[in-house]
Amino acid sequence: MMMTVVGEDRVSAYLDAVSDALRRVDPKARAEIIGELSNHIAESEAAGRSAHDVIDGLGDPADLAAMYERELRTPAQAGWKYIHVDSYFLRVGRWLAHSRRLRELQIMALLALPLLVIVGTIVSAGVGVVVFFAEMADRENSEALGLLAFAVGFVTLIVGSVLIARVWRSMTRLIRRASEGKAIQLTVIHAWPQPPRD
Amino acid sequence: MASAIRSDERAVREASSDDWLSQVRRGVLELAILTLIGRGEMYGYEIVSTLAEHQQLAAPEGTVYPILRRLKGDGMLSTRSAPSEAGPPRQYYALTERGRLRLRERSREWTKLIDALNRLSERPT
């Protein structure tokens, strides 16, 4: 590294100023940002540029921090001032806005009702038929009808399981596709205020 | 007096043209970054300096890193750290499956936009 003492001082002062301006950003993310900026400065210097030139290129620390905040959708840009109070709420807010797992859960919740109807219909029909034949077998005292009730119950169980497995497979495929391709936008995602896109 | 007005007009024209260009550039920067990383994994400085080679895409250094961070946060990019001779470890960025989808989608939209503009300018008045 060819960093001069003056350059080094200016670089650390610049990075400190950026870090200070990023105080509303999560500390872990802030450390990563400072790391990537420090790496950028070092790489630029290794390529023959002066620290002053690189820092001028990166711009004013407050402007740079504001750009990061805007891209990271921090509350300052979103307008949810009260979230500043506790970084826990900020983390929860980010998770709500970005969590793929949550999106999958929401899609599953949307599909739960049709799935319940399908499963409920299959189970009720199967139980109904088995009970019907079992009662008939009891009334008629017929061993054949008893066997038939057993067979119908068995077939219903197999067919029902296959149907439920197929529905489940299609559902998980749909959920995966939707969450990857963002085909389904859900309320909670829109609920998170978007930063201005100027 | 007349020359002062002409000079004012020129100043306004130049300022608004710069502003417009920087707005457009900012808009396409994400697509340019995704396209670059789509060709293979790259580290931050490499992305900034490659963009700087293309005058129309050259963005202020400070604008690229926040976009990279957002794309990573949105799950479009993955990162891995590797040692660097120049100093601190480099963060290599690569497209995730979601990033590839986004790149395809944005490229399609960009092509449509250019086509529409071209059709508009070809239309007889």
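1. Two strands are taken to pair if DSSP finds at least two bridges between them, and helices (H or I, at least four residues) and strands (E, at least two) are DSSP runs numbered from the N terminus. The model is predicted, so that local features need pLDDT of at least 70 and side-chain atom pairs count only at pLDDT 80 or more, while totals for chains, interfaces and linings use all residues. Residues are numbered from 1 along each chain as its sequence is written, chains are lettered from A and ligands numbered from 1 in the order in which they are written, and side-chain values use heavy atoms, leaving out hydrogens and water.

2. In chain B, 3 strands make up an open antiparallel sheet in the order E1-E3-E2. Its edge strands, each pairing on one side only, are E1 (42–43) and E2 (77–84) of chain B. E1(B) pairs with E3 (residues 87–95) of chain B in the antiparallel sense over 2 bridges, and B:Met42 stands opposite B:Tyr93 in E3(B).

3. A surface patch of positive charge (Lys and Arg count as positive and Asp and Glu as negative; His and the chain ends are not counted) gathers B:Arg100, B:Arg104, B:Arg108 and B:Lys112. Patches consist of residues with over 30% relative accessible area and no salt bridge, with like charges joined within 9 Å and nonpolar side chains (Val, Leu, Ile, Met, Phe, Trp, Tyr) within 5 Å; a salt bridge is a side-chain nitrogen of Lys or Arg within 4 Å of a carboxyl oxygen of Asp or Glu. The place of a charge is NZ of Lys, CZ of Arg, CG of Asp or CD of Glu. B:Arg104 lies in helix H4 (residues 97–122) of chain B and is partly exposed, at 47% relative accessible area (buried means under 20%, exposed over 50%, partly exposed in between; 1.4 Å probe, protein chains only).

4. On chain A, a nonpolar surface patch includes A:Phe150, A:Ile158 and A:Leu163, and its members together have about 670 Å² of accessible area (Shrake-Rupley method, 1.4 Å probe; for residues, only the protein chains shown count as cover). A:Leu163, in helix H8 (residues 143–181) of chain A, is partly exposed with a relative accessible area of 39%.
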